[in-house]
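Let's take a walk through this model, one contact at a time. Keep the viewer open and follow along.

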Amino acid sequence: MKIGFSTLALFANSFDEWIQTATDDNFQIMEILCEGPWTWPRNAMKLCKDSFEVFKSSDIDLFLHAPTIDLNPASLNTGIREETLRQLMETVDMAVEIGAVAITTHPGLIHRLEDRVRNMGMHFAVETLKKANEYAEDRGIILSVENMPNKYAYFCNSAAEHQYFVDECGCHATVDIGHANTTGDPESFLQINGIYYYHLSDNNGEKDQHLSLGEGNLDLDIINGIDNVIIELNNYESVLKSREILLNGFK
């Protein structure tokens, strides 16, 4: 099992510190959260490009989590969808520059909880993400769409809908096990075709709490045998604790 962590746990640290931490603690993968002022792709490509060399000289596999705050590929507002696509493309460009393999993004959501709005939003989301995937493929980057918690407003809140997005967009899947646990049937997400990697966290089965593994009710046996996992937690001590549980066979 190749194990990594999200830079969410070390949000305020520098590029060099992230790589040094990952190297010192023997992680094989790292997912960079592109929400901070110096990791937001548009800023990073203009202001921090000279710092990218630290990533290129590392043996750690790099993934990026595209910006999602205030963005929405399913928005009924054309301008929001266009900006979402623009920022996805910029994330792909940043991935190329730092030598990343894949980027994860969210499938979008609706704000008016009606079936007709959801159907329209799904159409727009697939349309936007399909364009993003075509751009990613042209640049040699894998685009991976993440499943969401069990709320009607979110797309990919079931394994069937997640598979639909993967098939219609031509992309890969990032399976967030914590999100899947809120659906009552997390195992169904492990059957999706096209999974590229996983986000790991625990919860009580109802809310997306981002707890350390073992602190919620996730059946850890279901993740036995998966590969390319990103521990996605809010602090690094919890990341290390969860990694130990994985390495020790969930004891």
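**Starting at a histidine**

The backbone oxygen of glutamate 232 sits 2.8 Å from a polar atom in the side chain of histidine 210. That is a polar contact, meaning a pair of N or O atoms within 3.5 Å; within protein, one must be able to donate a hydrogen and the other to accept it, and residues adjacent in sequence count only if both atoms are side-chain atoms. This is a predicted model, in which local features need pLDDT of at least 70 and side-chain atom pairs count only at pLDDT 80 or more, while totals for chains, interfaces and linings use all residues. Residues are numbered from 1 along each chain as its sequence is written, and side-chain values use heavy atoms, with hydrogens and water left out.

Back to the histidine. Histidine 210 is found in the loop between S7 and S8, where helices (H or I, at least four residues) and strands (E, at least two) are DSSP runs numbered from the N terminus. Its side chain also makes a polar contact of 3.4 Å with the side chain of aspartate 208. With a relative accessible area of 18%, histidine 210 is buried; buried means under 20% relative accessible area, exposed over 50%, and partly exposed in between (1.4 Å probe, protein chains only). Leaving aside neighbours within four places in sequence, histidine 210 is in contact (heavy atoms within 4.5 Å) with His179, Ser201, Asp202, Glu232, Leu233 and Asn234.

Now go to helix H8, residues 236-247. After H8 comes glycine 249, with a positive phi near 70°.

Next, the aromatics. The structure holds eleven aromatic pairs, where rings of Phe, Tyr and Trp (its six-membered ring) pair if their centres lie within 6.5 Å, and planes under 30 degrees apart count as stacked, over 60 as edge-to-face and the rest as tilted. One of them joins phenylalanine 15 and phenylalanine 52, a tilted pair at 6.2 Å centre to centre with 40° between the planes. The two are 37 residues apart and link distant parts of the chain: phenylalanine 15 is in helix H1, and phenylalanine 52 is in the loop between helix H2 (41-47) and helix H3 (53-56). Phenylalanine 15 is buried at 5% relative accessible area, and phenylalanine 52 is buried at 0%. Another pair brings together phenylalanine 63 and tyrosine 196, whose ring centres are 5.9 Å apart and whose planes meet at 65°, so this pair is edge-to-face. Phenylalanine 63 belongs to strand S3 (residues 61-65) and tyrosine 196 to strand S7, so the pair ties together parts 133 residues apart in sequence. Phenylalanine 63 is buried at 2%, whereas tyrosine 196 is partly exposed at 23%. For a cluster, look at Phe15, Trp18, Phe52 and Phe55.

One more stop is arginine 118, in helix H5 (residues 115-138). Arginine 118 is buried, with a relative accessible area of 8%, and its side chain reaches the backbone oxygen of tyrosine 154 at 2.7 Å. Not counting residues up to four places away in sequence, arginine 118 touches Ile110, Tyr152, Tyr154, Phe155, Asn157 and Glu161.

Key. The expected span of a helix is 1.5 Å times one less than its number of residues.
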